[in-house]
Amino acid sequence: MFRTIQHRLLLSYLVVLTIILGSFALVVRVTFARSLHQELTDKLMVLAQAAATDLEAEDGRLRVESDEVPATPTQALQWFDVQGAFVSQQGNYVVTLPLDPGQPVQTQTSPHPIQAVTIPIYAEDGGTLIGYVRASESLEDLHGDLRRLDWGLAGGVILALSLSGVGGIWLTRQAMQPIEDSFRRLQQFTADASHELRNPLMAIESNAAVALKYPEGLRETHIKKFRAIASATAQMTALTEDLLMLARTDQTPNIKQDIINLKTILENLFQLYTPHANAKQIRLKLQSSDRLEVRGDAVQLTRLLTNLIDNALRYTQEKGTVNIEGIRERNVVLIHVQDTGIGINSEQLKHIFDRFWRADQARSYSSGGFGLGLAIAQGIAQRHGGLITVSSQPGVGSCFTVRLPAIG
């Protein structure tokens with residue numbers, strides 16, 4: 001139980017830390033990418049302004065005066081007239097997109113990723129527009145920088161999560177240790193108290209039984225009181241036995257690994273509960289396959305199935321049906337205990353295996369339940385590597401399914 005809580009705490013801690021680190025890495029990546037793109041735009045703007053001085057108009061014709069404009073191997077220049085017609089170019093990384101003076105910055109993705117900046121060119125004498133120049137540069141170096149940044153951020157996040165996971169394991173262990181120690185002391189107290197209550201309860205029960213067996217000389221009111229004492233003692237005895245079973249189940253580090261055929265246990269319980277079911281006019285049915293072998297403790301598995309069958313009979317009304325079915329599916333043994341009882345609301349199903357939990361109508365002290373039977377059954381199933389699930393519908397009934405690992 002505590003290991004599950006510890007794992008959940010660690011997982012929650014890592015999820016929150018992952019979100020924080022991921023958000024931080026995303027902000028860094030976006031900010032750095034924008035900075036690189038803006039730096040590239042500014043650089044291309046300077047290059048285009050330098051190239052604008054080399055375009056001149058003579059007799060209505062445009063010509064590029066010089067090709068000495070400095071440019072790196074990944075840059076290129078293009079000159080256009082006022083109508084957008086191509087005049088000249090330099091470099092290999094030119095943009096193939098149509099000229100768009102209204103869009104000063106253009107980005108091309110294929111065949112090569114290229115970013116371009118377009119500026120207008122004016123004549124020196126009258127400020128007349130004579131054409132345009134477009135400076136471009138390959139984005140491969142920028143994308144390479146971003147990829148290296150991504151790898152660095154991803155590696156940093158993974159390293160931080162790894163170190164945080166190791167630290168989180170240590171922290172969760174330290175945080176859970178006092179709770180585990182306190183719970184163990186509570187378990188020991190529960191076991192000791194339940195064990196010590198056995199003798200006085202047995203004495204009270206036996207004396208009340210003797211008084212009721214020989215009622216001569218007792219008033220009718222005294223007899224009623226002794227009956228109440230006997231009933232309360234029986235309930236207290238059942239409660240102490242349940243508490244003792246819970247304490248033993250929680251404290252026992254290992255269970256027996258005997259080979260057990262659950263079919264035999266189901267048949268014995270069917271014979272045991274048939275008279276009780278007939279007395280309540282409930283039809284009890286059993287269907288079981290032969291290969292229901294599991295490893296575990298026969299006493300605890302018997303208690304598990306007893307609790308489920310007793311629970312089904314307790315909350316099934318007269319003329320109802322309780323169907324017990326044992327089947328094997330590959331490496332899993334399934335035991336279904338289905339009844340036509342009062343059922344449980346869907347919002348209450350998540351609490352059905354909680355200790356001392358009782359639904360308003362489905363579970364009560366008057367019906368003999370203390371809210372421990374299903375908790376004990378679930379604990380036994382989990383200690384055997386299995387699980388109990390439940391489906392229910394109010395007014396229709398419930399179905400409890402035990403899943404245990406099969407052998408053979």
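**Surroundings of Ile344: residues up to four places away in sequence left aside, Ile344 touches Leu349, Ile352, Ser392, Gln393, Pro394 and Ser398.** A contact requires heavy atoms within 4.5 Å. The model is a predicted one, in which local features need pLDDT of at least 70 and side-chain atom pairs count only at pLDDT 80 or more, while totals for chains, interfaces and linings use all residues. Residues are numbered from 1 along each chain as its sequence is written, and side-chain values use heavy atoms, with hydrogens and water left out. Ile344 belongs to the loop between β12 and α6; helices (H or I, at least four residues) and strands (E, at least two) are DSSP runs numbered from the N terminus. With a relative accessible area of 7%, Ile344 is buried, where buried means under 20% relative accessible area, exposed over 50% and partly exposed in between, for a 1.4 Å probe and protein chains only. A distance of 9.2 Å separates the C-alpha atoms of Ile344 and Val396, which are 52 residues apart along the chain.

**The mixed sheet: five strands form an open sheet in the order β9-β11-β12-β14-β13.** Strands count as paired if DSSP finds at least two bridges between them. The edges are β9 (283–288) and β13 (387–393); each has a single partner strand, so one side of each is left without a neighbour in the sheet. Direction ignored, neighbouring strands of this sheet are turned by 10 degrees against each other on average. Six bridges join β9 to strand β11 (residues 321–329) in the parallel sense, and Ser288 stands opposite Gly326 of β11.

Helix α6 (residues 373–383) lies across β13 and β14, at about 140 degrees to β13. Of the 11 residues of α6, eight are buried, and the helix is mostly covered. The buried residues of α6 are Leu374, Ala375, Ile376, Ala377, Gln378, Gly379, Ile380 and Ala381. Gly385, which follows α6, has a positive phi near 75 degrees.

**Packing of α4 against α5: the two helices meet at an angle of about 35 degrees, with their axes 10 Å apart.** Helix α5 spans residues 298–314. The crossing of α4 and α5 is right-handed; a crossing is left-handed if the near helix is turned anticlockwise from the far one by less than a right angle, and right-handed if clockwise. On the α4 side, the contact is made by Leu262, Ile265, Leu266, Leu269, Tyr273, His276 and Ala277. Helix α5 contributes Ala298, Leu301, Thr302, Leu305, Thr306, Ile309, Asp310 and Leu313. By class, this contact has 11 nonpolar, three polar and one charged residues, with Ala, Val, Leu, Ile, Met, Phe, Trp, Tyr, Cys and Pro counted as nonpolar, Asp, Glu, Lys and Arg as charged, and the others, Gly among them, as polar.

**The antiparallel sheet: an open sheet of five strands has the order β4-β3-β7-β6-β5.** Strands β4 (86–90) and β5 (105–108) stand at its edges with a single partner strand each, so one side of each is left without a neighbour in the sheet. From one strand to the next, the twist averages 20 degrees. Four bridges link β5 to strand β6 (residues 114–122) in the antiparallel sense; Ile114 of β6 is the bridge partner of Gln108.

Strand β4 contains Phe86. Not counting residues up to four places away in sequence, Phe86 touches Trp79 and Phe80. The C-alpha atoms of Phe86 and Pro98 are separated by 10.0 Å, at 12 residues apart along the chain.

**Confidence around residues 360–367: pLDDT stays under 50 over this stretch.** The term pLDDT denotes the predictor's confidence in each residue, from 0 to 100. For residues 360–367 the model has 20 contacts beyond four places in sequence. The protein chain averages a pLDDT of 82, and 85% of the residues score at least 70. Confidence is lowest in strand β1 (residues 55–58), at a mean of 70, and highest in β12, at 93.

Conventions. Axes are lines fitted to C-alpha atoms, for helices over the stretch in contact, and angles run from 0 to 180 degrees between N-to-C directions.
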